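Please read it alongside the sequence and the coordinates.

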There are 4 protein chains.
Amino acid sequence: MEVFEKWESEIRGYSRAYPTVFASASNARQVDEAGRSYIDFFAGAGVLNFGHNNPRMKRAMIEFLEADGVAHSLDMATTTKRDFIEAFVATVLVPRGMTMRLQFMGPTGTNAVEAALKLARRVTGRREVVAFTHGFHGMTLGALALTGNDAFRRAAGVPLDNVHRLPFETAPGGGLASLEAYRAQLADVSSGLLPPAAFVVETIQAEGGVNVASPEWLHAVQDLAHDVGALFVIDEIQVGCGRTGSYFSFDGMGLDPDVICLAKGIGGYGTPLAMNLNRPELDAQWAPGEHTGTFRGQGLSFVAGRQALTYFDDDELMTQVRAKGDVIRNALEDLAAGIDGAVVRGRGMIQGLDVVDGARAKAVAAASFERGLLVGPCGSGGRVLKAIPPLTIGDDDLAEGLEILAEAVRRTS
Amino acid sequence: MEVFEKWESEIRGYSRAYPTVFASASNARQVDEAGRSYIDFFAGAGVLNFGHNNPRMKRAMIEFLEADGVAHSLDMATTTKRDFIEAFVATVLVPRGMTMRLQFMGPTGTNAVEAALKLARRVTGRREVVAFTHGFHGMTLGALALTGNDAFRRAAGVPLDNVHRLPFETAPGGGLASLEAYRAQLADVSSGLLPPAAFVVETIQAEGGVNVASPEWLHAVQDLAHDVGALFVIDEIQVGCGRTGSYFSFDGMGLDPDVICLAKGIGGYGTPLAMNLNRPELDAQWAPGEHTGTFRGQGLSFVAGRQALTYFDDDELMTQVRAKGDVIRNALEDLAAGIDGAVVRGRGMIQGLDVVDGARAKAVAAASFERGLLVGPCGSGGRVLKAIPPLTIGDDDLAEGLEILAEAVRRTS
Amino acid sequence: MEVFEKWESEIRGYSRAYPTVFASASNARQVDEAGRSYIDFFAGAGVLNFGHNNPRMKRAMIEFLEADGVAHSLDMATTTKRDFIEAFVATVLVPRGMTMRLQFMGPTGTNAVEAALKLARRVTGRREVVAFTHGFHGMTLGALALTGNDAFRRAAGVPLDNVHRLPFETAPGGGLASLEAYRAQLADVSSGLLPPAAFVVETIQAEGGVNVASPEWLHAVQDLAHDVGALFVIDEIQVGCGRTGSYFSFDGMGLDPDVICLAKGIGGYGTPLAMNLNRPELDAQWAPGEHTGTFRGQGLSFVAGRQALTYFDDDELMTQVRAKGDVIRNALEDLAAGIDGAVVRGRGMIQGLDVVDGARAKAVAAASFERGLLVGPCGSGGRVLKAIPPLTIGDDDLAEGLEILAEAVRRTS
Amino acid sequence: MEVFEKWESEIRGYSRAYPTVFASASNARQVDEAGRSYIDFFAGAGVLNFGHNNPRMKRAMIEFLEADGVAHSLDMATTTKRDFIEAFVATVLVPRGMTMRLQFMGPTGTNAVEAALKLARRVTGRREVVAFTHGFHGMTLGALALTGNDAFRRAAGVPLDNVHRLPFETAPGGGLASLEAYRAQLADVSSGLLPPAAFVVETIQAEGGVNVASPEWLHAVQDLAHDVGALFVIDEIQVGCGRTGSYFSFDGMGLDPDVICLAKGIGGYGTPLAMNLNRPELDAQWAPGEHTGTFRGQGLSFVAGRQALTYFDDDELMTQVRAKGDVIRNALEDLAAGIDGAVVRGRGMIQGLDVVDGARAKAVAAASFERGLLVGPCGSGGRVLKAIPPLTIGDDDLAEGLEILAEAVRRTS
């Protein structure tokens, strides 16, 4: 660790929480250089839906490398990118009757959100965007303005403007009433409020504490957005790509977003990729090249991401996700029963155990690490333990991980 | 191309300028699916300093994949990351007597700039940052505020504030006088100006038109920054990593920046990586985890980037860069001699032919493409043809590419 | 009127609504140059609480002029200003046990609000100020940011930032619940909200449509402000100085504001004066001279304003105000009974008849003018007829004015 | 003074510099309650061009009061206002062939500037306004953003945006070169600069240190404004109304401003009045009532201001101003000769003695006060003693005042 302590920035975070040097990884396991194996309930912050070093993807990437495929292409057309697009269209869009356009940008989630904001402001000619308390949308200045967390916001060093903040459904003052109050205010010419360009919402606030929005509330947000001439944007970065038991976290809800932001899981192997889906008539308002990004054409990400899509050719993985999600949920609810005020929230394979107290959650995470489990806190004050293992985790590892977590909870009581 | 036209966003740019589908690439060549080979004078917008699919890196990446190295690690410690850090320290920092800290963030240049801005604002407690006309620093809202190009800026849809704009050395009103005027204004309590948090400068404005700053002017910027309590930040994203004939574009100038932003070439293979070098006493002011990024731990990028560093173990490549740079410059100067008002600017293997007229430059690029050369315009109105081939380009390809360019210039006169 | 049409700015408003040239005025009467007399239910937008050309004040002003009193003094000390201060302290502050400091500034209400904002931001080190929908606080950029009316806001031509907008008690989504929701959001570190510097509130929104806040709600605002470390600022500009039946509109409510903004009526004769009352320990944070204003020392305003204070030496006028307020209210309620959805709101001698429909209100005002009554609409879309005659209006004029208004309502049904 | 110390805000400034209580005033004399007479070289910060309690105005005001003229009229038409408008048109506009429209607003200079900014932003659809270092334009948030002085700016407590700052002609980096540099930057689409809505300039920066712009430079500002589609706005608040020896300070320069801001001297008696002159085709873009102000119709100010205009019926006063201006200038130059580095700047009856050192200037002002002269420092650090006596000051008082000043300078050497 010395090298990191001496040369890497003081900003490093996870390497402090998990103080060891990892040497290899496979599916839901990371192994450190001393040979110690850890079960991974963190999955690279929700990236590794298909496990570390997924073998299908690995094979395809090696083949691609050996064939000198175009690894870096900006937004030039490549056969690899075409394969990815065709697979995405066939696997995701066509079955849902969606005709959205695929936009690639700098391959991080925050870049995807920044692009969505630009499009929304362009299309509407408006400045202000509605974001929700506890939302997490990224670290660059545009996306950070939407993010709720105070510590992240203070780091900006400049005012974070052009955002109107509403409470998330489950936050104090949230629910349908606050949406209706906002609607009434917008209808009132003396309210002093600006009409918004977009409503940007997560169906499940992952970093925000695994706060789950109901379909009814999401519909109300969508209706309000459309009634006031704003775009309805779903930030699907952490909970899309199968995490909740279907490709999109909002599948089956009958929602019709204008822009969908994807990143994290879409590149499959942890290889960076970000992509927005834009409603075609809105997308048509982009001028060529006006939002660029050097790394928006990533051959390896397209190759791995194309393999990831094969997991959606049939319902096998999603069925497993729903089943394993139940396993996790039941286990967490057993733990919650023993903790004053604790609750479990989540859907599919994102489940959060809110232990109310941030110090307690931190202690549980530390005790888990000592016992060979990677799990991290999220939410206000870090009071929620978030279980987001790879969707492909084996039943044994899942059971063992939950057992370690239970033990860690017991030890820190 | 149909797939792209039907499903990809209207924002796509390069695939319009280079309307073919590329299937493979090797060093300075890209081959399309019809088997046509193109010489690459664009190098992925300055990323591919070591050529497409560099064999050293390819081999190392395949080995890494086969060994199940940790492909995605957030900012956890991994053996691969340690190897990269150690090599960077040994190859770049130690020989220069530098003690800077390495900070990793979301792996795009714009994320690096956003992180630098946060640090500068944190350290100084100031809001405003000095940027220069024609500068290019990225597309997310914080970095975009520094970027000069009007089309990019208008796409923001919100005011881009907290930036004070000075003319670049070579721009109208530029030079030492404008720096001294600004110094005098800052010294004047009734100037209405805010003291700046940082000066962010490119030594050569690549996107801005291959505008080359002199060491004298850069020193004046640095001195001014330090005299007024601001950070001196060099955005080395496009011209670092050997492009100009030494690792940093400012090597040998005696400059001492507080933050150096790196991206593009540092990942070696076109694999995304971004890294800031922060002066240690400034870096110490970061709180753990307050600027994050899902993809800041990229195993493949560390592996390829570590191989890239081997090119700096001796002076062979850099000697070649200086020699080939002269070849390019001479060829371009021959072309400039035949064009009214044309000039050549650049250093090492970034050379720009300013043909004064954007339409002319666009026509030259199109004619080059038809003849098998990828080259792109940059600068105001796109009037500068920028030659930035891989540093590893063979002499034959270089000569052939320059010949095609010459022919294209002749055809469009 | 020709001179005005030819030479005065197109921005003129009231001279279009009341298209005649006034030559003289006395108490609740204005007489035009054709000799036609109008009853004034508008009182110079709430300035002329003591009538046009109040004889006590007129006599005092003439004496002051003849004695060469200091008419213009910036913030130098003058005997006239001292007389005013002493009278204000004795008449208003001492009986209420208030120890607030008197601050004079540019003699308009908007300047008073701007000064209050500066003090609140200085004292708290915070940027954002809470204002309420339908609030009216002035036309200069700082005060305008607090004002709710969309037409006024759009005229700014720049973003109006640093304000957090809550619904006024009587507005959609208003009431105690919205205050509690905001309190909960402020307590939540991931809400993305900034802690506010101040809550700026009118006890009765005069321009906003005669919306009357309850003492309970005002206490909740005050409590919330103090609990979150913000100042509680009452903008008393239109409804202070006796308008509601006591000197302050909040007398008897047990409120304890940190800053009280006064203007309009305080200068007595329509002579400009603005004054803030600041809690002493907050006031102590001002540095000498840091908020200035050329006309902050107005001898004539001090003289007239000092006479105005004599109306508060006993309870006679205030008793009349309460009685006449009842007369107005009863008359308006009779009118409301005949109009679908109409309601009457107000306290003391500010009473509004909300006729629901802006066009109807405008027609009533026009018909009133034709019949010799000056009355104006306010509120969203101008749907509220606001009756604010001089407090000193004679019973006959009051009765006649109400009769004209009733006739105008009948004629426009 | 006790009353002021106990009850008036800590923000009071002049009453600290001139610690006595004034009881009466006449022309260039103020007399305190102890009977001590002071010669006034300050004239209420440039308001009292026609002396304290000017007898022509006093008589007219008393007559107006006795006749029950309309003292307060918002923007309703009154005979008194018509008289003022007609006189202004006949005396000022017609002789100059000007057709500008008169706009009245809240009667302070800062309100006039705020209105000008709104009009400029409305007409151009642009946000940013050019202001100059050392400029002083007012204390409300829009005007304060234009003001250069750091202490005033810091009191805002919020970012002061939407202003682009250029050096004034006489400031470091100023002159024609900086205007040309800015022109070049605006012509450059990659400069990152916004096209400005207006250039707001004082011909002589009064508060800024009596910095005098040359006609050549003012023409260059005007030309640049018009070439880039911006308004050319002259803030004439302190140096208009005859102060420099002609009605406008720019008379005879051939300038053609789009908006002229007037206040201070225009009301004549120290009675508040502010008025903008707008080019008719720009003025036409105002919507009725969109910039209001309770006190924009001041009967007493119109009466006194109308009398003030009589001073421009012939050239007598202006001839005297030029002559007395020479007297002042000569006297100050004698003083400057004895002070290291001191210079004299000014035109007509605004003359500044820059003694280089703020502490020295403050000491001179204090010593002058002790000897019976009111004079105040201005400029950066308060290093300039500004002599702006009433234009009507008698030769004896002028000579005596200059003698006291000379003595004070000697005593503080």
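Chain A holds 15 helices and 18 strands, where helices (H or I, at least four residues) and strands (E, at least two) are DSSP runs numbered from the N terminus. This is a predicted model, in which local features need pLDDT of at least 70 and side-chain atom pairs count only at pLDDT 80 or more, while totals for chains, interfaces and linings use all residues. Residues are numbered from 1 along each chain as its sequence is written, and chains are lettered from A and ligands numbered from 1 in the order in which they are written.

**Overall form of chain A**

- Along the principal axes, the C-alpha atoms of chain A fill a box of roughly 60 × 55 × 45 Å.
- Buried residues make up 66% of the 413 residues of chain A. A residue is buried if 20 or more other C-beta atoms lie within 10 Å of its own, exposed if 12 or fewer, and partly exposed in between, with C-beta atoms placed from the backbone.
- Of the contacts in chain A with a separation of 6 or more, 72% are between residues 24 or more positions apart; two residues are in contact if their C-beta atoms, placed from the backbone, lie within 7 Å.

**Domains of chain A**

- Chain A is divided into domain 1 (2-54 + 316-411) and domain 2 (59-310), with bounds that come from an automatic or database domain assignment.
- The centres of domain 1 and domain 2 of chain A, taken over C-alpha atoms, are separated by 25 Å.
- Their contact takes 27 residues from domain 1 of chain A and 23 residues from domain 2 of chain A.
- On the side of domain 1 of chain A that touches domain 2, the elements giving two or more residues are helix 3 (43-46), helix 13 (316-337), strand 14 (343-347), strand 15 (350-354) and strand 18 (384-387).
- Helix 13 of chain A gives the most to that side of domain 1, with 5 residues.
- That side of domain 1 of chain A divides into 11 nonpolar, 11 polar and 5 charged residues. Here Ala, Val, Leu, Ile, Met, Phe, Trp, Tyr, Cys and Pro count as nonpolar, Asp, Glu, Lys and Arg as charged, and the others, Gly among them, as polar.

**Chains C and D**

- The contact between chain C and chain D takes 94 residues from chain C and 94 residues from chain D.
- Helix 6 (residues 109-124) of chain C gives the most to the side of chain C that touches chain D, with 7 residues.
- By class, this side of chain C has 41 nonpolar, 34 polar and 19 charged residues.
- Strand 1 (residues 21-26) of chain C pairs with strand 4 (residues 77-78) of chain D in the parallel sense over 2 bridges; two strands pair if DSSP finds at least two bridges between them.
- Phe22(C) stands opposite Thr78(D), in strand 4 of chain D.

**Chains C and A**

- In this interface, 28 residues of chain C are in contact with 29 residues of chain A.
- Helix 8 (150-154) and helix 9 (176-187) of chain C each supply at least two residues of the side of chain C that touches chain A, and helix 9 gives the most, with 4 residues.
- This side of chain C has 9 nonpolar, 13 polar and 6 charged residues.

**Individual residues**

- Ala43(A) is found in helix 3 of chain A and has a phi near 55°, a positive value in a residue other than glycine. Ala43(A) counts as buried, with 28 C-beta neighbours inside 10 Å.
- Lys264(D) is found in the loop between strand 12 (259-262) and strand 13 (275-278) of chain D, and its phi is near 40°, also a positive value in a residue other than glycine. Lys264(D) counts as buried, with 30 C-beta neighbours inside 10 Å.
- Arg59(C) is found in helix 4 (residues 55-66) of chain C and is partly exposed, with 13 other C-beta atoms within 10 Å.
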